[in-house]
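Here's a quick tour of a protein model, written for someone who likes cut-offs spelled out. Have a look at the structure first, then read on.

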Amino acid sequence: MKLDDIFARQRSRVLTRSLTIQYDKVVYLIEPNDANNRLIGKPIMVYDYPDGTISIKHCGQPLTYSVFDKLRTVNQAAIADNKRLSAVLAFAKQNQEQRENTQERTRSKRNISRAAQQRAINITLMKEPDTV
């Protein structure tokens with residue numbers, strides 16, 4: 001086990017039939033292949049490192065994944081004109097513009113801050129062994 005894995009926040013998730021897991025308000029899509037299909041319904045580990053990177057592993061083996069972006073913008077030109085949709089599209093456009101101004105996703109309030117994780121690592125690495 002790597003030292004980085006020890007300091008990472010580790011959470012267990014069960015792989016769904018659609019080869020997805022959800023962690024910290026993000027849906028992760030696991031690459032579909034024969035080996036990963038055998039993991040459906042089994043627990044896999046999500047490693048959330050202090051530097052902000054995420055790793056998904058099963059029995060120590062990393063799994064290839066992609067992020068499903070729930071906050072993707074709607075392309076209004078691709079949607080046909082519809083009088084009933086106009087109010088909904090106007091609302092969606094307003095929300096997208098507000099999000100574009102902030103360009104920030106919030107983490108779950110239940111998670112500790114990454115700054116606190118990084119401080120804990122720095123303290124542990126700097127600590128010298130006790131002398132007797």
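Asp24 counts as buried, at 17% relative accessibility; buried means under 20% relative accessible area, exposed over 50% and partly exposed in between, with a 1.4 Å probe and protein chains only. Before going further, the ground rules: this is a predicted model, where local features need pLDDT of at least 70, side-chain atom pairs count only at pLDDT 80 or more, and totals for chains, interfaces and linings use all residues. Residues are numbered from 1 along each chain as its sequence is written, and side-chain values use heavy atoms, with hydrogens and water left out.

Asp24 sits in the loop between β2 and β3 (26–30), and Lys25 is found in that loop too. Strands here are DSSP runs (E, at least two residues) and helices are runs of H or I with at least four residues, numbered from the N terminus. What's worth a look is the backbone. Most residues other than glycine have a negative phi.

| Residue | Phi |
|---|---|
| Asp24 | near 55° |
| Lys25 | about 65° |

Is Thr20 buried or exposed? Thr20 is buried, with a relative accessible area of 14%, and its place is in strand β2 (residues 20–23). Its side chain has a couple of polar contacts (N or O atom pairs within 3.5 Å; within protein, one must be able to donate a hydrogen and the other to accept it, and residues adjacent in sequence count only if both atoms are side-chain atoms). One goes to the side chain of Thr16 at 2.7 Å, and another reaches the side chain of Ser18 at 3.2 Å. Skip the neighbours within four places in sequence, and Thr20 is in contact (heavy atoms within 4.5 Å) with Val14, Leu15, Val27, Tyr28 and Leu29.

## Ile21 and the core

On the same exclusion of neighbours within four places, Ile21 touches Arg13, Val14, Leu15, Val26, Val27, Tyr28, Ile44, Val46 and Ile56. Ile21 also turns up, with Leu15, Tyr28 and Ile56, among the residues with the most contacts inside the largest nonpolar core, which has 13 residues. Such a core is a set of buried Ala, Val, Leu, Ile, Met, Phe, Trp, Tyr and Cys residues joined through side-chain atoms within 4.5 Å. At least two core residues come from each of β2, β3, β4 (43–48) and β5 (54–58). The largest share, 3 residues, is from β3.

## The sheet

β2 and β3 also belong to an open sheet of 3 strands, ordered β2-β3-β7 with antiparallel pairing; two strands pair if DSSP finds at least two bridges between them. β2 and β7 (65–68) are the edge strands, each pairing on one side only. From one strand to the next, the twist averages 30°. Between the antiparallel β3 and β7 there are 4 bridges, and Val27 has Phe68 in β7 as its bridge partner.

## Zooming out

How many helices and strands does the protein have? There are 4 helices and 7 strands, in the sequence pattern α-β-β-β-α-β-β-β-β-α-α. Of the 132 residues, 24% are buried. Among contacts between residues at least 6 apart in sequence, 61% join residues at least 24 apart. The protein exposes about 10,100 Å² (Shrake-Rupley method, 1.4 Å probe), with carbon and sulfur atoms supplying 53% of that area.

Technical notes
Axes are lines fitted to C-alpha atoms, for helices over the stretch in contact, and angles run from 0 to 180 degrees between N-to-C directions.
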